[in-house]
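Good morning, and thank you for coming.

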Amino acid sequence: MSDRAQQLDFLVASLSRLVALLEHDPDCSWRPVFESFLTEARRLKSSGFVQADLNSLSASIMRVYGGMGSFNDYVPACGADISPWASECSDVSSEVYDQALSLRVIGSVA
């Protein structure tokens with residue numbers, strides 16, 4: 001398995017976890033967005049990909065993390081004891097961002 005394929009596997013796993021976490025908030029408008037990213041990542045895994053495909057997916061994911069009204073501003077709303085869930089959601093969200101970024105980075109920076 002190539003490094004890129006393994007990185008895509010990691011992204012699929014993290015996106016799956018994030019979507020599952022977002023399901024705890026029935027009013028979350030971000031869940032369909034991340035479901036579409038997950039669908040695209042799975043499609044790339046099954047049908048094959050070139051670096052341009054990974055760059056496009058990466059850019060799409062990273063775009064929702066920036067600016068006002070972005071996913072970074074999302075506050076989970078799913079009951080009184082939200083802190084453990086919110087913390088896990090934040091951790092997985094960071095994983096998704098980092099893994100999307102890693103799909104775009106080619107080679108090492110010296």
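Rings of Phe, Tyr and Trp (its six-membered ring) are treated as a pair if their centres lie within 6.5 Å; planes under 30 degrees apart are stacked, those over 60 are edge-to-face, and the rest are tilted. What we see is a predicted model, in which local features need pLDDT of at least 70 and side-chain atom pairs count only at pLDDT 80 or more, while totals for chains, interfaces and linings use all residues. Residues are numbered from 1 along each chain as its sequence is written, and side-chain values use heavy atoms, with hydrogens and water left out.

Let me begin with the rings. Trp-30, Phe-34, Phe-37, Tyr-65, Phe-71, Tyr-74 and Tyr-97 are linked by ring pairs into a cluster. How many aromatic pairs does the structure hold? There are seven. In one of them, Phe-34 and Tyr-65 have ring centres 6.2 Å apart and planes at 80 degrees, so this pair is edge-to-face. Phe-34 belongs to helix H2 (residues 31-47), whereas Tyr-65 sits in the loop between helix H3 (51-63) and helix H4 (83-104), so the pair ties together parts that are 31 residues apart in sequence. Helices here are DSSP runs of H or I with at least four residues, numbered from the N terminus.

Tyr-65 also forms an edge-to-face pair with Tyr-97, at 5.1 Å centre to centre and 65 degrees between the planes. Because Tyr-97 lies in helix H4 and Tyr-65 in the loop between H3 and H4, this pair ties together parts 32 residues apart in sequence.

Are these residues buried or exposed? Buried means under 20% relative accessible area, exposed means over 50%, and partly exposed lies in between, with a 1.4 Å probe and protein chains only. Phe-34 is buried at 0%, and Tyr-65 is buried at 6%. Tyr-97, at 29%, is partly exposed.

I turn now to helix packing. Helix H1 (residues 3-22) packs with H2 at an angle of about 155 degrees, their axes 9 Å apart. Axes are lines fitted to C-alpha atoms, for helices over the stretch in contact, and angles run from 0 to 180 degrees between N-to-C directions.

Finally, consider Glu-95, which is found in helix H4. Leaving aside neighbours within four places in sequence, Glu-95 is in contact with Ser-14 and Arg-17, where contact means heavy atoms within 4.5 Å. Glu-95 and Ser-14 are 81 residues apart in sequence, yet 6.6 Å apart in space, C-alpha to C-alpha.

Notes: Helices (H or I, at least four residues) and strands (E, at least two) are DSSP runs, numbered from the N terminus.
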